[in-house]
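Welcome, and please open your viewer. We will take a short walk, one selection at a time.

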Amino acid sequence: MTRFVLYGGKGGVGKTTVAAATGHRLAAAGHETLVVSTDPAHSLGDAVEAEVSGDPTEIRPGLWGVEVDPQTGIDRYRSLFEALAAEFSDAGIRMDEDEVAELFTSGVMPGSDELAAIEGMATYVESDRWDRVVFDTAPTGHTLRLLDLPSVLDRGVATAMDLRDQVRRKANTARTMMFGPMARRRDDGPDDFTAMRERMERVGTVLRDPDRTAFRVVTIPETMAVRESERLVERLREFEVPVTTLVVNKVIEDAGDCERCRGKQAVQDEAIEQLRTSLPDLDLWTVPDQSGEVTGVEALEKIGAHIAG
């Protein structure tokens, strides 16, 4: 049993509903469970029919939800560079807002959505509060940028740390020349940049650990969605993320006498068979198409019946 479950896939395939249903099922089985929405277009609250905010909210006994605030990650990241600019100022190097912004975007500047997502992941990956944590990730492009973010951040932070070390060496040299060896700056205190790099490294390690993490790709039985899912699995494997399962949502099980429905069901059957053929090593779960709005406990229970914990 992995502790962390991530759901990903293209937009509109029902990732949030499937993630919420998984959380509901796990909580019902007695696991303290947190569902984390990292999608900037949050809809977790709608799925569970409850108010969900940027702090973990208990939805029902054993089930918690949180919608990560996109500003959280960007604020934490920027604060590091503002502190760095202040240190430069103490060393006699003045920086205006444009120069701070340039420093802030050193390396490759990630988007706020991805920063918020990785910050949320780091927060709840490091917490022992919940038995199981289910992540509802943003659509495919965001998810792939999210997985690349630890290395992206590392490049930016490494650039800033190198510049900081150069400034510190020069400042220490100047102090030593003026006041002697005792005037050198001591740098044995906590280092926020190093802490961030280590935190991102821990997240990256967890995301690649099959004993702790399972990534499940949610899709629908349509040709374009299947092709995107195949590409997503390929990219996830390049990142060494343990992909375990395909969840095919909105599957027509009984077309009845509806000729149009039978035609659509035939197309769906072909799409599902394509997934079985192209990705035979993955588990494949099908979730029947639901009529009406798929929200609330009853709907989540129906979907959860087709999903393992």
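A residue counts as buried when its relative accessible area is under 20%. Keep that cut-off in mind as we go; the model on your screen is a predicted one.

Start by selecting Trp 130. At a relative accessible area of 8%, Trp 130 falls under the cut-off, so this residue is buried. You will find Trp 130 in the loop between helix 5 (112-125) and strand 5 (132-136).

Two aromatic pairs are counted in total. Trp 64 and Trp 130 make an edge-to-face pair, with 6.1 Å from centre to centre and 70° between the planes. Together, Trp 64, Tyr 124 and Trp 130 are joined by ring pairs into a cluster.

How many strands form the open sheet, and in what order? There are eight, running 3-4-2-5-1-6-7-8 with mixed pairing. Strand 3 (57-60) and strand 8 (283-288) are the edges, each pairing on one side only. On average, neighbouring strands are turned by 25° against each other, ignoring direction.

Select strand 1 (residues 4-8) and strand 6 (residues 213-219): they pair in parallel over five bridges. Look for Tyr 7, opposite Arg 216 of strand 6.

Finally, pick helix 8 (residues 223-238), which packs on the sheet and touches strand 1, strand 6 and strand 7 (243-251). The direction of helix 8 makes about 160° with that of strand 6.

Note on methods
Residues numbered from 1 in each chain as written. Predicted model: local features only at pLDDT ≥ 70, side-chain atom pairs only at ≥ 80, totals over all residues. Heavy atoms only, no water. Phe/Tyr/Trp six-rings, centres within 6.5 Å; stacked < 30°, edge-to-face > 60°. Helix = DSSP H or I, 4+ residues; strand = E, 2+ residues; numbered from the N terminus. Buried < 20%, exposed > 50% of the residue type's maximum accessible area, 1.4 Å probe, protein only. Pairing = 2+ DSSP bridges. Axes fitted to C-alpha atoms, helices over the stretch in contact; angles between N-to-C directions. Contact = heavy atoms within 4.5 Å.
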